Amino acid sequence: MKVVVDMNKCQDHGQCVFSAPDVFRMDDDGRLAYVPDPDDALRDEVEEAADVCPLQAIRIED
């Protein structure tokens, strides 16, 4: 699984951080940081994060 975040769309709302904290986090500057190739065991969390993103900036590729 590969996670792709369109950083041009992302406005750092952070909803993904609550859904998948093992994959998404806010860095020291308040910007989104993420693991681009998380373990497949985290798929459900990542799918939830993509669903709750208010700007639909998160995409999952297989």
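The structure holds one cavity of 30 Å³ or more, a cavity being a set of points on a 1 Å grid over the protein atoms alone where a 1.4 Å probe fits but cannot get out. The largest cavity contains about 100 Å³ of space, volume being the space filled by probe spheres set on the grid points, which are joined across faces, edges and corners. It is lined by 14 residues, of which C10, H13, G14, C16 and C53 are the closest to its centre; lining residues have an atom within 4 Å of a point. The lining comprises nine nonpolar residues, four polar and one charged, where Cys counts as nonpolar and Gly as polar.

The model is a predicted one, in which local features need pLDDT of at least 70 and side-chain atom pairs count only at pLDDT 80 or more, whereas totals for chains, interfaces and linings use all residues. Residues are numbered from 1 along each chain as its sequence is written, and side-chain values use heavy atoms, with hydrogens and water left out.

Two helices and four strands are present, assigned as DSSP runs (helices H or I, at least four residues; strands E, at least two), and they follow the order β-α-β-β-α-β along the sequence.

Within helix α1 (residues 15-19), S19 counts as buried because its relative accessibility is 18%. Not counting residues up to four places away in sequence, S19 touches E45, E48, A49 and V52, contact meaning heavy atoms within 4.5 Å.

Technical notes
On a 1 Å grid over the protein atoms alone, a cavity is a set of points where a 1.4 Å probe fits but cannot get out, and a pocket is an open set with protein on both sides within 12 Å along at least five of seven lines; lining residues have an atom within 4 Å of a point. Buried means under 20% relative accessible area, exposed over 50%, partly exposed in between (1.4 Å probe, protein chains only).
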